[in-house]
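Here's a quick briefing to read with the model open beside you.

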Amino acid sequence: MISDNDQTGAKPLLSRDSSISAGSFNQMPRRRVSGKLAKPERHQSFSRDIGHAASETYLLTRLTITLLRYLGVGYRWITRLAALGFYAALLMPGFLKVAYYYFFSSQIRRSIVYGDQPRNRLDLYLPKNLDEPKPVVAFVTGGAWIIGYKAWGCLLGQQLAERDIIVACIDYRNFPQGTIGDMVTDASQGISFICNNIAEYGGDPNRIYLMGQSAGAHISACVLLDQAIREAKGEESISWSVSQIKTYFGLSGGYNLCKLVDHFNNRGLYRSLFLSIMEGEESLQLYSPGVRIEDPSIGNAVSLLPPIILFHGTADYSIPSFSSKDFAAALKRLGAQTELILFDGKTHTDLFLQDPLRGGKDEMFDHLVAVIHAGDEEALAKDASAPPRKRLVPEVLLRMARHISPF
């Protein structure tokens with residue numbers, strides 16, 4: 001699928017390294033009528049959605065004020081905030097279409113509770129046809145550990161649901177509501193809920209995939225490695241197992257924070273703020289999967305990891321591609337089943353936003369679906385005949401957004 005030929009658009013430049021008690025929830029499980037899954041009722045009224053949005057807006061305002069105390073006055077983050085506003089405005093035609101789908105589609109189960117902490121909720125994107133159990137992607141969104149939100153995964157959820165794949169977008173506490181330890185705990189609880197409850201929503205518990213993007217790739221990698229270490233040590237108090245995850249997909253992630261802290265500081269995520277998020281400089285190695293896998297004290301934890309596929313754009317300046325290169329090399333050296341796919345000239349947001357909004361053929365998306373549907377001849381045949389994805393934003397706006405992107 002990936003070649004060394006000259007490539008443009010979404011085609012990757014190829015670097016393939018292959019050695020290739022969940023929380024309570026407020027959804028009623030899917031009912032069966034005459035042997036078939038009945039269409040689930042929407043679990044929230046519109047007025048309840050409005051109330052939830054109002055409470056989250058109040059919380060967001062309060063946390064923003066707290067965050068500003070950490071940031072102070074600095075030209076880097078102020079200019080990037082302004083660029084973010086222009087960037088969002090240019091992509092607004094697509095964002096509005098995605099927002100309409102998010103709030104009004106009957107295929108989404110929003111804000112399912114998976115734990116008892118703030119923001120312990122997830123969204124489920126369901127295929128139209130649930131006549132048989134479907135593969136599941138547990139997705140942890142990015143957002144620089146500060147502005148992550150489950151709805152950021154809506155576009156991915158919609159497009160994978162169109163390919164008969166269930167997507168669960170996990171929300172988690174962001175800074176300053178929580179630090180990295182809280183984020184890892186929340187994501188782990190969300191994954192546990194999915195592993196133990198997804199069958200009630202038409203998912204196949206034997207085909208669960210874990211995916212993270214940007215900060216979400218870092219958090220989910222930490223979760224996966226932590227779980228493997230617990231299992232390697234023989235801990236019994238675990239609610240899910242790494243053996244339940246068929247593949248881990250890391251998109252534009254940072255896996256060695258020790259090498260990234262100065263880079264982030266120069267990009268506007270100031271060192272003092274970043275260290276506060278990561279619980280101090282002494283914790284950087286603990287929350288750096290690329291460093292931690294080299295620690296002999298973790299035993300055979302690496303051997304327990306599922307196959308790992310890392311995607312990264314070579315023109316990513318938010319989290320440089322060396323992050324995925326180094327992590328893949330270390331995993332391969334330790335015997336983990338690993339694949340690295342680099343996309344020539346792609347930025348931090350191209351793979352996750354601009355390319356999906358552009359519609360048509362998308363190499364990363366096609367590779368993702370091919371891995372999930374591997375071995376399912378019927379699903380692969382449907383993928384081959386699927387219509388091209390719809391364009392959501394005019395090309396001229398996408399090109400302008402790419403140039404002004406603060407990421």
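**Helix H4 and the big picture**

In helix H4, the buried residues are Cys154, Leu155, Leu156, Gly157, Gln158, Gln159, Leu160 and Ala161. "Buried" here means under 20% relative accessible area, with exposed over 50% and partly exposed in between, using a 1.4 Å probe and protein chains only. That makes eight of the eight residues of H4 (residues 154-161), so the helix is largely enclosed by the rest of the structure.

A word on the source: this is a predicted model, where local features need pLDDT of at least 70, side-chain atom pairs count only at pLDDT 80 or more, and totals for chains, interfaces and linings use all residues. Residues are numbered from 1 along each chain as its sequence is written, and side-chain values use heavy atoms, leaving out hydrogens and water.

**Overall make-up**

- The protein has 15 helices and ten strands; these are DSSP runs numbered from the N terminus, with helices being H or I of at least four residues and strands being E of at least two.
- Out of 407 residues, 55% count as buried.
- The accessible surface is about 17,900 Å², and 56% of that belongs to carbon and sulfur atoms (Shrake-Rupley method, 1.4 Å probe; for residues, only the protein chains shown count as cover).

- In the model, residues 81-103 are 96% helix and 0% strand, with the end C-alpha atoms 26 Å apart.
- H5 is mostly covered, with 14 of its 18 residues buried.

**Nonpolar cores**

- The largest nonpolar core holds 70 residues, and those with the most contacts inside it are Leu124, Trp145, Ile194, Ile219, Tyr248, Phe274 and Ile277.
- Helix H6 (residues 215-232) gives the most to this core, with ten residues.
- Another core lies apart from it, with 41 residues that include Ile108, Cys154, Leu160 and Leu392.
- For the term itself, a nonpolar core is a set of buried Ala, Val, Leu, Ile, Met, Phe, Trp, Tyr and Cys residues joined through side-chain atoms within 4.5 Å.
- Setting aside neighbours within four places in sequence, Tyr248 is in contact (heavy atoms within 4.5 Å) with residues including Leu210, Ala217, Leu224, Tyr255, Pro306 and Leu310.

- Ser288 sits in the loop between helix H8 (271-277) and helix H9 (289-292), and counts as buried at 0% relative accessibility.
- A polar atom of the Ser288 side chain lies 2.9 Å from the backbone nitrogen of Leu257.
- Leaving out neighbours within four places in sequence, Ser288 touches Tyr255, Asn256, Leu257 and Cys258.
- Asn256 is in the loop between strand E8 (245-251) and helix H7 (257-267), and its side chain reaches the backbone nitrogen of Cys258 at 3.1 Å.

- Most residues other than glycine have a negative phi, and most peptide bonds are trans.
- The Phe175 to Pro176 peptide bond is cis, with omega near 10 degrees; Pro176 is in the loop between strand E6 (166-170) and H5.
- Trp145 has a positive phi, near 65 degrees; this residue is in the loop between strand E5 (134-140) and H4 and counts as buried at 3% relative accessibility.
- Glu279 also has a positive phi, of about 70 degrees; Glu279 is in the loop between H8 and H9 and counts as partly exposed at 30% relative accessibility.

**Ser243**

- Ser243 is in the loop between H6 and E8 and is exposed, with a relative accessible area of 64%.
- The side chains of Ser243 and Ser241 make a polar contact at 2.8 Å (a pair of N or O atoms within 3.5 Å; within protein, one must be able to donate a hydrogen and the other to accept it, and residues adjacent in sequence count only if both atoms are side-chain atoms).
- Ser243 and Pro306 are 63 residues apart in sequence, yet 7.0 Å apart in space, C-alpha to C-alpha.
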